[in-house]
Amino acid sequence: MKISVELTLTPLQDDFEPAIIHFITKMRSSNMIVLENPLSTQVYGDYDEVMNVLQAEIKEAFELIENGLIYLKIVKSDRHDYEPHF
């Protein structure tokens, strides 16, 4: 089953950029499609693969920051090629 995930890592600390860059770099090194914009990162792929990678990388991200949160949205379909028609 294919899924699309949008997530935003928000470290609640002053020095937040290194943790975000590390997280995105780790996501990019996976076999999944990873797209970024200034507000979030989108990950596309097989459910089991995406969730396994996210589980490991979210844990590592939380270990690297003092306090933080992750916003996560999951859609059951691969939407990486979506283009608005309006």
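## Sheet and helix packing in a predicted model

Four bridges connect strand 2 with strand 3 (residues 41-46), and these two strands run antiparallel; strands here are DSSP runs of E with at least two residues, helices are runs of H or I with at least four residues, and both are numbered from the N terminus. This is a predicted model, in which local features need pLDDT of at least 70 and side-chain atom pairs count only at pLDDT 80 or more, while totals for chains, interfaces and linings use all residues. Residues are numbered from 1 along each chain as its sequence is written, and side-chain values use heavy atoms, with hydrogens and water left out.

The open sheet holds four strands in the order 2-3-1-4 with antiparallel pairing, where two strands pair if DSSP finds at least two bridges between them. Strand 2 (33-36) and strand 4 (68-75) are the edge strands, each pairing on one side only.

| Helix | Strands touched | Angle of directions |
|---|---|---|
| Helix 1 (residues 17-28) | strand 1 (2-11), strand 2, strand 3 | about 160° with strand 1 |
| Helix 2 (residues 47-64) | strand 1, strand 3, strand 4 | about 140° with strand 3 |

The axes of helix 1 and helix 2 come within 10 Å and cross at roughly 160°, which means that helix 1 is roughly antiparallel to helix 2 (angles under 35 degrees count as roughly parallel, over 145 as roughly antiparallel, 65 to 115 as roughly perpendicular and the rest as oblique). Their contact involves His22, Phe23, Lys26 and Met27 of helix 1, together with Val53, Leu54, Glu57, Ile58, Glu60, Ala61 and Leu64 of helix 2.

Technical notes: Contact = heavy atoms within 4.5 Å. Axes fitted to C-alpha atoms, helices over the stretch in contact; angles between N-to-C directions.
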